[in-house]
Amino acid sequence: MQTEIKIEQMKLSEKDALLLFLRKAYADNPRQSEPAFWDWHFLAPPHSDADNLPVWLAKSGDHIVGHLAAIPVELNVEGKLTKAIWILDLIIDPEFRRKGIARKLVLEAERFCPLIL
């Protein structure tokens, strides 16, 4: 039986579960799952809002199986400040790859902000 994958914008209360997923996903790069490193990337930037982070989780049941994280930025486009997001991380658990999850995560990011770097 195939489990349905849900894509949801991350709530800050899910940070510990996300860091556990990242520890597994980046077993060869433990810095990716360090709380201070994650906070520096996604909570500290000047346009970040902890209640509306451009971070999405792909879940199979209660388990995180994918993740897209971006930071909000402002670009100067022909003299006008334009909001955008800059994707810094996109990873899917190897057991769940090739099922369209990354595409669904990117589509959610586009709905949040159509201008993506």
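Colleague: What makes strand β1 (residues 5-9) and β2 a pair, and in which sense do they run?

Modeller: β1 and β2 are joined in the antiparallel sense over 5 bridges, and because two strands pair if DSSP finds at least two bridges between them, β1 and β2 qualify. In that pairing, E8 has L57 of β2 as its bridge partner. The elements themselves are DSSP runs, numbered from the N terminus: strands are runs of E with at least two residues, and helices are runs of H or I with at least four. This is a predicted model, in which local features need pLDDT of at least 70 and side-chain atom pairs count only at pLDDT 80 or more, while totals for chains, interfaces and linings use all residues. Residues are numbered from 1 along each chain as its sequence is written, and side-chain values use heavy atoms, with hydrogens and water left out.

Colleague: How many bridges join β2 to β3, and in which sense do these strands run?

Modeller: β2 and β3 run antiparallel and are joined by 6 bridges, with W56 having L68 as its bridge partner in β3 and S60 standing opposite H63. The two strands form a hairpin with 2 residues between them, and G61 in the turn has a positive phi of about 65 degrees. β3 in turn runs antiparallel to β4, with 12 bridges between them, and H67 stands opposite I91 there. That hairpin also has 2 residues between its strands, with E78 in the turn at a positive phi of about 55 degrees.

Colleague: Why is S60 called buried?

Modeller: S60 has a relative accessible area of 9%, and because buried means under 20%, exposed over 50% and partly exposed in between (1.4 Å probe, protein chains only), S60 counts as buried. Leaving aside neighbours within four places in sequence, S60 is in contact (heavy atoms within 4.5 Å) with T3, E4, I5, V65 and F96.

Colleague: What makes β2 mostly covered?

Modeller: In β2, 6 of its 6 residues are buried. V55, L57 and K59 point one way from the strand, whereas W56, A58 and S60 point the other way. In a regular strand the side chains alternate between the two faces of the sheet.

Colleague: Why is D51 called exposed?

Modeller: The relative accessibility of D51 is 75%, which is why it counts as exposed. D51 sits in the loop between α2 and β2, and its C-alpha is 9.2 Å in space from that of M10, although the two are 41 residues apart in sequence.

Colleague: Which residues of the largest nonpolar core touch the most other members?

Modeller: A nonpolar core is a set of buried Ala, Val, Leu, Ile, Met, Phe, Trp, Tyr and Cys residues joined through side-chain atoms within 4.5 Å; the largest has 17 residues, and M10, L18, F21, L22, W38 and V55 touch the most other members. At least two of its residues come from each of α1 (15-25), α2 (35-42), β2 (55-60), β3 (63-77) and β4. Apart from it lies another core of 12 residues, including I5, A58, A70 and I92.

Colleague: Why is W86 called partly exposed?

Modeller: W86, which lies in strand β4 (residues 80-92), has 42% relative accessibility and therefore counts as partly exposed.
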